[in-house]
Amino acid sequence: MYSFDSDTKLYAVWGKEETVTLAFRDPMPDASSNLPLPISIVPSMSRNVRIPDNIPEKSGRFFTGWNTAGDGSGTPYAPGSVITLTEDTTLWAQWELAGNSWYVIYNPNGGTKAPGPQIVPKEQDAVLSRELPEA
């Protein structure tokens, strides 16, 4: 406990909180659309960020997910999944030529927590998720 006399003044000291940003990029030089906008958070917020459900589009290709490396060698993430940010991070769109695989998207029909999308090569049988959405 401190004791102050009547002439003592206290001043607040404000510091600027640095932001941490999650950016979305396309490693391929041709045009794509529907990339999510960057998400910025401050350290006092939760560092768990939900990746938007946006499915980028590109002529002749289909989107297979996000990756922390442009060449797909990093950590993969699906739309709607959660990433924990500890520093500025870029997620790179990953693409496959159209016609080689099926893209399975689960629609919760107004519910929440649908399973993430699946990529199923056409020469394989699809094993569908047993995860159920919530009402």
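Two strands are said to pair if DSSP finds at least two bridges between them. The close-up views below are taken from a predicted model.

**View 1. Strand β4 and its antiparallel partner β7.** Strand β4 comprises residues 61–67, and strand β7 comprises residues 89–97. The two strands run antiparallel and are joined by six bridges. Within this pairing, W66 has A93 of β7 as its bridge partner. Strand β4 is mostly covered, as five of its seven residues are buried. In a regular strand, side chains alternate between the two faces of the sheet.

**View 2. Strand β4 beside strand β5.** Which residue of β5 stands opposite N67? The residue is P76. Strand β5 consists of residues 76–77. Two bridges connect β4 with β5, and the pairing is again in the antiparallel sense.

**View 3. N34 in the loop between β1 and β2.** This loop links β1 (20–25) to β2 (39–41). N34 is not a glycine, yet its phi is positive, at about 70°. Most residues other than glycine have a negative phi. Is N34 buried or partly exposed? N34 is partly exposed, because its relative accessible area of 38% falls between the limits of 20% and 50%.

**View 4. N109 in the loop between β8 and β9.** The loop shown here lies between β8 (101–104) and β9 (118–121). N109 has a positive phi of about 50°, although this residue is not a glycine. With a relative accessible area of 71%, N109 is exposed, because the cut-off for an exposed residue is over 50%.

How values were computed:
Residues numbered from 1 in each chain as written. Predicted model: local features only at pLDDT ≥ 70, side-chain atom pairs only at ≥ 80, totals over all residues. Heavy atoms only, no water. Helix = DSSP H or I, 4+ residues; strand = E, 2+ residues; numbered from the N terminus. Buried < 20%, exposed > 50% of the residue type's maximum accessible area, 1.4 Å probe, protein only.
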